[in-house]
Amino acid sequence: MSIYKDNVTGKWRVVYRYTDWTGKKKQTSKRGFPTKREAQMWEHEQMLKHDAKLDMTFASFYEIYVEDKKERIRDNTWGTKNNIARTKILPYFGERKIAEIEPKDVIAWQNHLLAFKRANGKGYSASYLRKIHSQLSAIFNHAVDFYHLPSNPAQKAGNIAIEEYKEMLFWTKEEYLKFADVMMDKPVSYYAFEMLYWCGIREGELLALTPADFDFTTHTLRINKSYQRLNREDVITPPKTFKSNRFIKMPQFICDEMQDYMGMLYGLKEDERIFTISKSYLHHEMNRGSKVSGVKRIRVHDLRHSHVSLLINMGFTVLAIADRMGHESIDITYRYAHLFPSEQTQMAEQLDIERMEKSNGEKSGQ
């Protein structure tokens, strides 16, 4: 390692040489330090980082975390995680020694986030606050699991526990049909929304579909990929979760509609996307259709909730619905429990019967 002063600029430069994990000699450098002390501090951080010693700052450990994890996480997911870390976590903890951060420091950081208010006077949503905290905890967990940090202070502090109720919006079948009727003037919009409502797939799954995913003989739709727009490029990634890889049975009318739609696409190849539109296009069309039809405005993703609601009203089991949606059955039970009116009614009626039988039994014994 060497520290030099540039006689022309008067700034300091550090050249740091090290041996990587393969045994190869490597070199990194940085220039432009105003003082020798700052150059020495950067040099010290490099030594700690390459020796994986937790006397380093949180910011330096985050660079290790990035190197270890980035290639293991989907691009769009990593983009979200990295943005949270760089805008909500590093500005607060970046210069702190990672081994010296305590649960009380995490609680102070949580209070800092809770106190934040936008120009409109609103703060971060409860779900977003939990997501931010989870990312901090994930970084500390990595340090615990692989770099001998004694414990995770974010885990000890606990997540940001504030209650937030969000009404789950969805359309009834009648509302969707009114919406669909006004969308027929644009075939690409009409057929896209037909797939979203009647098959319950996600937006990214819809936009990744190719002709090869359809088997019209068996009425089967294969879901094995998702479309994302990242850094102005179209990116096809694996689905959201492992269970999202699935096969969906399509009703006959959807098979007929999709064959008609694909027949309109001149020169379409088996591996080409059939919906070459964007998520923003779908959101724009959702606004247009809601306004013209007069039905309440919901999000595009709420069409997935609408599909689940329809299946519940048709009497299908939680397990069957979960398989179709690519969810765990416990997720369906937790998220959509309030949409099982028939079960709740049956429970109440059965409890009435139980109580009446007990009362009748007591009277006959008198």
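## Arg299 and Asp302

With a relative accessible area of 3%, Asp302 is buried (under 20% relative accessible area; exposed is over 50% and partly exposed in between, with a 1.4 Å probe and protein chains only). Its side chain meets that of Arg299 in a salt bridge, 3.0 Å from N to O (a side-chain nitrogen of Lys or Arg within 4 Å of a carboxyl oxygen of Asp or Glu). Arg299 is partly exposed, at 48%.

## About the model

This is a predicted model, where local features need pLDDT of at least 70 and side-chain atom pairs count only at pLDDT 80 or more, while totals for chains, interfaces and linings use all residues. Residues are numbered from 1 along each chain as its sequence is written, and side-chain values use heavy atoms, leaving out hydrogens and water.

## Helices α7 and α11

Let's turn to a helix pair. The axes of α7 (residues 173-183) and α11 (residues 279-293) come within 9 Å and cross at roughly 110 degrees (axes are lines fitted to C-alpha atoms, for helices over the stretch in contact, with angles from 0 to 180 degrees between N-to-C directions). Helices here are DSSP runs of H or I, at least four residues, numbered from the N terminus. The two are therefore roughly perpendicular (65 to 115 degrees).

## Salt bridges around Glu285

The model has 14 salt bridges. In one of them, Lys186 pairs with Glu285, the closest N and O atoms being 3.4 Å apart. Lys186 lies in the loop between α7 and α8 (187-199) and Glu285 in α11, so the pair ties together parts 99 residues apart in sequence. Glu285 is buried at 0% relative accessibility, whereas Lys186 is partly exposed at 31%.

Notes: Parallel < 35°, antiparallel > 145°, perpendicular 65-115°, else oblique.
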